[in-house]
Structure formats: structure tokens, C-alpha cells
Amino acid sequence: MTGCVVLFPVAVTFFITWWFIQFVDGFFSPLYESLGIDIFGLGFITSLLFVFLVGVFVSSWMGATVFWLGEWLIKRMPFVRHIYSASKQISSAISPDQNTTAFKEVAIIRHPREGEYAFGFITSSVTLQRDDGDEELCSVYVPTNHLYIGDIFLVNSKDVIRPNLSIREGIEIIVSGGMTMPQVISPVERTMRQSDRIPLNRLTT
């Protein structure tokens, strides 16, 4: 059992890495085979180089214009535009370049009942206009199937717990099924108060 526990993550990592290399290598391998070149890994290197060049091209003014025109055409296609919009939102959410469409903060809300909590991500904020006054709500996305399927909850901003976790750490917790959960989770406000007290304690000592 100890051997299985040790070798299982190694085997899974090797299998996924090998599958990824073969998958990416398959994009350009048929082209090289038609030219009579049979070198394993050459298609994989070519694919990575192609992705890099696309990123460099899109970063330029001309590339951004071409990308905008292509995106405009895709968004005019029925059914295809929904798939593209959903996949783009997911890629924007997990990208290191945070923007208005990405997950803003990791959140913990009381769900589905009192005494139980759920991990989620704050995606936006909205003001609910009521007769007795306005109420500020946070749109919290709670994944139910990794990151691709989930529910949207509108929670009062005062009831949202903001842990001292980054977006990437929150994604790792959800994808791993909670196995990467830290032993202690502190709200951001408490962490900031503790950091403010440290200099005062040092001064008194």
C-alpha cells in the first residue's frame, strides 16, 4: 500500500504528461511525415513555437486588430459563439493577467445551510435597489464540477468571507477536491490587523 501511495501520483503525472506531449505533437507530426521526416517530438516543439509566435503576433497592434476581426466573426456565428464565449471566460478566469472578466477574489459563503460553507469566486458586484434602501451584493460563482459548471449566488457583501488565498490557490483547492486545503484559513481583514499589531508589539518590547 505504501508503494502504491508513493507511485500513484508519479504514474498519473507521467501519464498526463505523456498524453499531453502526444496530443500536441499530433498537430504538426502529419506535416513532417508527409515530408518524409520522422522525428518524435519535432511536432511538439513546432507546436510550442507556433503558440509562442501567435502570442508575439497578437501582442502587436496589427495582430490585435486581426484577432479582433476574427473574434468579431466568431461572435456572429450561431452556436459557435456560445462555445467560444464560455471557453474564453474560463481561460480569462485562470489566466495570470487579472482583468474585469476574471475571478476577482476567493470567497467563502454559507451554503447550502447554516453551519456549512462553500468555496467560490467573486466575479462581480451589483447594487440591489430596494424600498428600504440599496443593498450591495457580490456575485459568487460556486463550482459544482471542477471549474466548468457551477452556480451563481448573490450574497450580501457583509456575509462574504474573503480568505487570505490567491485565485490560483483557490483553483488548486477546488480542482484537487480539497486535498490542498491549508490547515488554517484566516480572513484578509484579520490578517491585516495582525500584521498591523506586530510593529506595535515590537515597539513595546
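Modeller: First, the criterion. Rings of Phe, Tyr and Trp (its six-membered ring) pair if their centres lie within 6.5 Å; planes under 30 degrees apart count as stacked, over 60 as edge-to-face and the rest as tilted. By that rule the structure holds five aromatic pairs.

Take F20 and F44. Their ring centres are 6.3 Å apart and the planes stand at 85°, so this pair is edge-to-face. F20 sits in helix α1 (residues 2-25) and F44 in helix α3 (residues 42-59), so the pair ties together parts that are 24 residues apart in sequence. Helices here are DSSP runs of H or I with at least four residues, strands are runs of E with at least two, and both are numbered from the N terminus.

Now burial. Buried means under 20% relative accessible area, exposed means over 50%, and partly exposed lies in between (1.4 Å probe, protein chains only). F44 has a relative accessible area of 18%, so F44 is buried. F20 has 40% relative accessibility and therefore counts as partly exposed.

The pair of F23 and F27 is next. It is edge-to-face, with 5.3 Å centre to centre and 80° between the planes. F23, at 45% relative accessibility, counts as partly exposed. F27 is exposed, at 54% relative accessible area. Ring pairs also bring in W19: W19, F23 and F27 are linked into a cluster.

Next, the setting. The protein has seven helices and four strands. From the N terminus, the order of elements is α-α-α-α-α-β-β-β-β-α-α. The protein has 205 residues, and 23% of them count as buried. Its accessible surface comes to about 15500 Å², with 65% belonging to carbon and sulfur atoms. Those areas come from the Shrake-Rupley method with a 1.4 Å probe; for residues, only the protein chains shown count as cover. As for contacts (heavy atoms within 4.5 Å), take those between residues at least 6 apart in sequence: 33% join residues at least 24 apart.

Last, confidence. This is a predicted model, where local features need pLDDT of at least 70, side-chain atom pairs count only at pLDDT 80 or more, and totals for chains, interfaces and linings use all residues. Residues are numbered from 1 along each chain as its sequence is written, and side-chain values use heavy atoms, with hydrogens and water left out. pLDDT is the predictor's confidence in each residue, from 0 to 100. The protein averages 80, and 84% of the residues score at least 70. Confidence is highest in strand β1 (residues 105-110), at a mean of 88, and lowest in helix α7 (residues 188-204), at 56.
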